[in-house]
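The sequence and structure come first.

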Amino acid sequence: DLNDSVTLEMLSFCSKVGDPRPGQPYKGGTFCALLPSNNEGRKTVLLLKKAFDHGLTFQIKSCDGEERVTWGLIPHKTSWHGGKARNGYPDAHYLQEVGVIL
């Protein structure tokens, strides 16, 4: 199988009601999620897109006195190596687990 990546760029902006410090600026970032290019991977991409559209992919957290965008509670693979412990592959159960969460 070939491999696919999804790159999302979150711009720096001002936080809103419901964020840790409403009205305060936060730092954005570029995030890359990796998925296998197979039927299950493509289904997962669609589910992750729905989660993104509903604002579930990212959260704003304080880090060293600065507000910044981080991954939310939905697990994302960010490396083709390192296994589950390092948010990478191989992880034989990832697509099934993220499918249940989504």
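Angles under 35 degrees count as roughly parallel, over 145 as roughly antiparallel, 65 to 115 as roughly perpendicular and the rest as oblique. The model is predicted, so local features need pLDDT of at least 70 and side-chain atom pairs count only at pLDDT 80 or more, while totals for chains, interfaces and linings use all residues. Residues are numbered from 1 along each chain as its sequence is written, and side-chain values use heavy atoms, with hydrogens and water left out.

**Helix packing**

Helices (H or I, at least four residues) and strands (E, at least two) are DSSP runs, numbered from the N terminus. Axes are lines fitted to C-alpha atoms, for helices over the stretch in contact, with angles from 0 to 180 degrees between N-to-C directions. The axes of helix 1 and helix 2 come within 10 Å and cross at roughly 30°. Helix 1 and helix 2 are therefore roughly parallel to each other. On the helix 1 side, the contact (heavy atoms within 4.5 Å) is made by Glu40, Gly41, Thr44 and Leu47; helix 2 contributes Leu95, Gln96, Val98 and Gly99.

**Nonpolar cores**

A nonpolar core is a set of buried Ala, Val, Leu, Ile, Met, Phe, Trp, Tyr and Cys residues joined through side-chain atoms within 4.5 Å. Buried means under 20% relative accessible area, exposed over 50%, and partly exposed in between (1.4 Å probe, protein chains only). The largest such core has 9 residues: Leu34, Leu35, Leu48, Ala51, Ile74, Tyr89, Tyr94, Leu95 and Val98. At least two residues of this core come from each of strand 4 (29–37), helix 1 (39–53) and helix 2 (94–101). Helix 2 gives the most, with 3 residues. Apart from this core lies another, of 5 residues, including Phe31, Phe58, Ile60 and Val69.

Leucine 95 touches Leu35, Pro36, Asn38, Glu40, Gly41 and Thr44, leaving out residues up to four places away in sequence.

**Backbone geometry**

Most residues other than glycine have a negative phi, and most peptide bonds are trans.

The peptide bond from tyrosine 89 to proline 90 is cis, with omega near 0°. Proline 90 is found in the loop between strand 6 (66–71) and helix 2.
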